[in-house]
Every structure is written in structure tokens, then in C-alpha cells.
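This report describes a single predicted model. Please view the sequence and the coordinates together while reading.

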Amino acid sequence: PSPSVTSAYNLLGVSVDTSPEELRRAYHRQMALHHPDKLASQNPSPEALRRAHIKAHEIREAFEAFADSIALALDEAEAVSILKLSFLKQDISPRSL
């Protein structure tokens, strides 16, 4: 992967071979840790709040870099599931086609 893709994986705390679903969970986990609203109850300094905003923005951008591929992978998985169900309902084996 290119350096920007590698840094996106690092920001999300996942490896290159992570599944789309795990990427989504990692994004939510990182946002829960670094979202500026989490600091609001701790009465942070303006600098700490600024850093939290920057970090949350970086995490969001990292996830958005994968968003299209995640949606595609999930759509493909859903399509495969639908096809399998239709074969089961028709009592037809996909291998026989």
C-alpha cells in the first residue's frame, strides 16, 4: 500500500488484511477514544480540544479513504448471501450451474 494508505491503517489501528467490518469497528473505536465531545466533560484546555478535533478529523479521513471499498465488499457479501438463499429455496446447487 502507498504511504497514505499505510498511515490510514495506522490511524485506525488495524493491519492491511483487516476485513471491511473490522475497519468499521476500528473507526468507531478510535472515534470513541478521540472525539472532542469526549473531552468536553473534562473541561480541557483550548489546545487539547484543538488537538482532539484534528485527531478526529484525521481518523474520519482515514476511514473515508476505505469507505467505497468497504461498501463494495459488504454489497458483494450481501449479494452472495442473497444468491445462496435463492439457490436454497429453489433446491438448486450453485455448483450444478
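The sections below cover the basis of the model, its elements, its core and selected residues.

## Basis and confidence

The model is predicted, so to speak of local features a pLDDT of at least 70 is needed, side-chain atom pairs count only at pLDDT 80 or more, and totals for chains, interfaces and linings use all residues. Residues are numbered from 1 along each chain as its sequence is written, and side-chain values use heavy atoms, with hydrogens and water left out.

The mean pLDDT of the chain (the predictor's confidence in each residue, from 0 to 100) is 76, and 66% of the residues score at least 70. Where pLDDT is low, the predicted coordinates should not be read in detail.

## Elements and surface

The chain has 4 helices and 0 strands, giving the order α-α-α-α from the N terminus on. Helices and strands are DSSP runs numbered from the N terminus (helices H or I, at least four residues; strands E, at least two).

Of the 97 residues, 21% count as buried; buried means under 20% relative accessible area, exposed over 50%, and partly exposed in between, with a 1.4 Å probe and protein chains only. The chain exposes about 7000 Å², of which carbon and sulfur atoms supply 57%. Accessible areas come from the Shrake-Rupley method with a 1.4 Å probe, and for residues only the protein chains shown count as cover. Among contacts (heavy atoms within 4.5 Å) between residues at least 6 apart in sequence, 52% join residues at least 24 apart.

## Helix 2

Helix 2 covers residues 20-34, 15 residues in total, and reaches 21 Å from its first C-alpha to its last, close to the expected 21 Å at 1.5 Å a residue. The expected span is 1.5 Å times one less than the number of residues. The buried residues of helix 2 are Leu23, Ala26, Tyr27, Gln30 and Met31. Seen down the helix axis, these buried residues fall within an arc of 130°, so they line one face of helix 2. The arc is that of the directions from the helix axis to the C-beta atoms.

Two residues of this face illustrate its contacts. Tyr27 touches Leu12, Ile59, Arg60 and Phe63, not counting residues up to four places away in sequence. Gln30 is buried, with a relative accessible area of 14%; with the sequence neighbours up to four places away left out, Gln30 touches Leu11, Leu12 and Ile59.

## Nonpolar core

The largest nonpolar core has 13 residues, and those with the most contacts inside it are Leu12, Val14, Leu23, Tyr27 and Phe66. Helix 1 (3-12), helix 2 and helix 4 each supply at least two residues of this core, and helix 4 gives the most, with 5 residues. A nonpolar core is a set of buried Ala, Val, Leu, Ile, Met, Phe, Trp, Tyr and Cys residues joined through side-chain atoms within 4.5 Å. In soluble globular proteins, nonpolar side chains tend to be buried together.

Tyr9 is in helix 1 and counts as buried at 11% relative accessibility. Leaving aside neighbours within four places in sequence, Tyr9 is in contact with Val14, Ser15, Val16, Leu23 and Phe66. Tyr9 and Ala26, 17 residues apart in sequence, are 9.7 Å apart in space, C-alpha to C-alpha.

## Pro36 and Ala56

Pro36 is in helix 3 and is buried, with a relative accessible area of 5%. Beyond residues up to four places away in sequence, Pro36 touches Leu49, Ala52, His53 and Ala56.

Ala56 is found in helix 4 and is buried, with a relative accessible area of 3%. Ala56 touches Met31, His34, His35 and Pro36, again not counting residues up to four places away in sequence. The C-alpha atoms of Ala56 and His35 are separated by 5.6 Å, and the two residues are 21 residues apart along the chain.

## A loop residue with positive phi

Asn43 lies in the loop between helix 3 (36-40) and helix 4 (46-90). Phi of Asn43 is near 50°, a positive value in a residue other than glycine. Asn43 is exposed, with a relative accessible area of 69%.
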